Amino acid sequence: MVRILQKVEKISLDGIWTIKNPEKSIEMDGQVPGTVFEALCDNELIEDPFYGENEHQMKWVYESDWVYEIEFSVEPSFLEHKNIILRFHGLDTIAEVILNNELIGSVNNMFVRYDYEVKSILKHKSNILTINFKSPTVKSREEIEKNKVKLNTGYAAIPGVPYLRKAQYSFGWDWGPKLPDMGIWKTVELIGFDDIKIKSVFPYTNLEYNKNIMNISDPNEFSIVDINTAKLFIEIEFASNFSDISELGCKLKAQLKAPDDEIFVKEFPLNKQKEILTFDIQNPFLWWTHDLGNPNLYQVKVSIIKDGVLERVTQQIGLREIKLVRKEDKWGETFYFLLNGIPLFAKGANWIPIDSFIPRGKKLGLYSMNLMYAKKANMNMIRIWGGGIYEDESLYNLCDELGLLVWQDFPFACALYPYRLDFIKNVEKEAIQSIKRLRIHPSLALWCGNNEIEALWKRELISSGIVKDNIERHNFLVNFYLKIFEKLLPELIQKFDPTRPYWPSSPSSGFIMENLAARSSNNPNAGDSHYWAVWHGNFPFSAYRNFNSRFMSEFGFESFPSLKTIETFCPPDQYDFNSQIMENHQKNGAGNQKIRDYMDKRFSIPEEFEHQVILSQITQAEAIEYGVEYWRQNRTDYHCMGALYWQLNDCWPVASWSSLDYYGRWKALHYFAKRFFQPLFASVKEEPDLVEFWVTNDLKKPCDVELEWKILNSEGELLFNGVKSSTISPCSSLKLISLDTSEINKEQLSLQNNIIFYRLNQKGKNPNLVHRGFRLFDAPKLFKLKDPEITYDSEELPGENNSNSYFKIKLRAKEIALYVIISSDLVDFIASDNYFSMDPDEIYTIDIEVIRAVLANTEYSNQEIVDSFKIRSLYDIYK
């Protein structure tokens, strides 16, 4: 018997739906994917929730139930498919699904894809699909009442979100508003197929090296590590009504296209529910982080063929191996990533959801903006924090293309959970789907069970009202914690993604078993660390040098966003750190006062509000720089192999730990990060009596360098100078110079007024300046400033293949200039450098890329843009 099979067909139900709130007599159009808050904003039915204190007027939105509805038709030919699936890629969060007046399912997990067989219900015309969403806060209160335990994520949040499988940050965090959303936040589609379709495609790679990469002791050997052959495995699963797929008479075809357009093809009869294809690739194009090489991507096309193509899945994949290396050493145990045989120092930041209303953020282009800016700042890793979501596919695709690694937390953070069997089953379904969805991405480096639950266990018991002395209750909670994070999740990783490492919690020093809360999770000698003595503990920046982390996965410092961003939520009469609106856009307890206190230790506080904002950013930047420099100096012998600061981005305009504000404007920290995350860079470790100059080389080849340095006093008089050349081995740090400064700093007044300038040049056929920096011996407010008399020339540069404008600014400083800031009130731009210092008579050239006008739909001439540039230094801010 000849079987005639139709192609797999997909019909999108994305687009305009009707959204209703019967209680409030609201009916409006809303975009899918989208959310209730987004639709209310688009229809101008609420004021901007981000402005002023409007957040507090929004409670009725998330306390209400909402209804999504669409009417649609399908072609009669589509109804002929043997199987028709209605697929929701994401429903947020508690809802009932009704098709043509028939209840087809109830959902309770934002992170789960829900599939419903609807062939028997679907008709040609006038199909009515209805989603009834229940208020998440009402549901969480019901759970608290039922369970008699007030599970929560801390003082800044609405209680109860741990009962829901919903993005926890939406109930509030110490950087985010209380705006729990609802809606169809991902795509909806109908899928029609007959007897077979592709269920999943999973590529993974084994590399054959020219040497044993685990036994390299001399870092110079990394420059000769080579890969002879890459063996690519492609595991393909099928969904079929037939136990014996061979009866269908289909063929499987796999086509692999290399970056140089060479094509490899395999085709054979399809006989099994799971097939594994192998390709042996000589001289492969490997996927690297952008700092170590090119993030090369191959294209894979997998097709089911019978009288034509029934279904085809196309994916971009990378050939690479990544290992988490944990070996005993003289300090304890290493913790670092080995990428294609090269030990990688992870440089980057923690990632939070891009918007309080996630689909809106995607439409605004916030994924591409934030990730492009991460790469521009020389980051090679982002950590997707556990209080958010398994991220949108576009994030991982962009990280694949940009050469950024991803540390992926499962979405659990800072809380106890309702450790019931039904909850665990829900988590299991969510985890399996997410692992299978994300494992295709070469950028995905590690799965981590949760954020800070292990470390904060005692605090979580107290905040939930559970007394630790109740041994029976406590042991029950411990056992369920272990069941999820040290049994279920690692077993699922081993089953569905065995090529990647799993880490139980962050911070952690490894599987804890029954010792939960009985040992330190923040061990500086093993595992990863979160360090908050600076900021939360009010310690000075110098405390970073007293914590020798193996991998610093979280540390941070707050600042305000730029005045242009503050203008979007705050009227000028509220321009004060302690005003009601400014305090509302600060969710960390007493955070604004803490920013001011730290500023006051280093700077004289100017009267002008904008200048206060600028100094808050410089204080933040110097704090993080202080830590990163020290940990990068410690990369030799793998003592420290990662520095991921908290945090990269914001979900709304706010005072926070971010280096990019909600609109993507670079704070001082992001410019500093661009400097201190350079693969080849110089740093100083200064004490009154001793200055050490270090050079760090994260590249996989040795670098010939020349370090120029000088120490001046505030009058510009030269006290010391020198030049030192050296070859810096790959993947290492080297203390190049130790300089006795006791004589020039023996008087306190001299120490306060001395400054170090240094430049690192890379030697070779095309010698170039790769890094420049400065360091004071004491607080900047004690340094005697003179007017640097900065002058500048500008010229327009030829544009690239986009609509942005480009300029070159050549700066000249007559005297020492501290923290030179280039800004514009008319346009947002990215400079090649900013918030830098200049020594006397220095000429420094800066490239400017104009991104957009501050006022939407406004155009300016190039002369107007040039005239808008303001050049200021600390002298001008104080003046």
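Predicted model: local features only at pLDDT ≥ 70, side-chain atom pairs only at ≥ 80, totals over all residues.
Me: A crossing is left-handed if the near helix is turned anticlockwise from the far one by less than a right angle, and right-handed if clockwise. Is the crossing of H6 and H7 left-handed or right-handed?

Reply: Residues are numbered from 1 along each chain as its sequence is written, and side-chain values use heavy atoms, leaving out hydrogens and water. Helices (H or I, at least four residues) and strands (E, at least two) are DSSP runs numbered from the N terminus. The crossing of H6 and H7 is right-handed.

Me: How do H6 and H7 lie to each other?

Reply: Helix H6 (residues 366-376) and helix H7 (residues 393-402) pack at about 30°, with axes 10 Å apart; axes are lines fitted to C-alpha atoms, for helices over the stretch in contact, and angles run from 0 to 180 degrees between N-to-C directions. Angles under 35 degrees count as roughly parallel, over 145 as roughly antiparallel, 65 to 115 as roughly perpendicular and the rest as oblique. H6 and H7 are therefore roughly parallel.

Me: How many nonpolar residues does the contact of H6 with H7 have?

Reply: Contact means heavy atoms within 4.5 Å. Tyr 367, Ser 368, Leu 371, Met 372 and Lys 375 of H6 meet Ser 394, Leu 395, Leu 398, Cys 399 and Leu 402 of H7. Ala, Val, Leu, Ile, Met, Phe, Trp, Tyr, Cys and Pro count as nonpolar, Asp, Glu, Lys and Arg as charged, and the others, Gly among them, as polar. By class there are one charged, two polar and, to answer you, seven nonpolar residues.

Me: How far apart are the axes of H14 and H15?

Reply: The crossing of H14 and H15 is right-handed. Helix H14 (residues 609-633) packs on helix H15 (residues 668-676) at about 20°, and their axes are 8 Å apart.

Me: Which residue is the bridge partner of Leu 338 in S20?

Reply: Strands S18, S19 and S20 form, in that order, an open antiparallel sheet, where two strands pair if DSSP finds at least two bridges between them. Strand S19 (residues 336-339) and S20 pair over three bridges. In S20, the partner of Leu 338 is Pro 343.

Me: How many residues apart in sequence are the parts that Glu 237 and Lys 436 tie together?

Reply: Glu 237 forms a salt bridge (a side-chain nitrogen of Lys or Arg within 4 Å of a carboxyl oxygen of Asp or Glu) with Lys 436, the closest N and O atoms being 3.1 Å apart. Glu 237 lies in strand S12 (residues 227-240) and Lys 436 in helix H8 (residues 421-438), so the separation in sequence is 199 residues.
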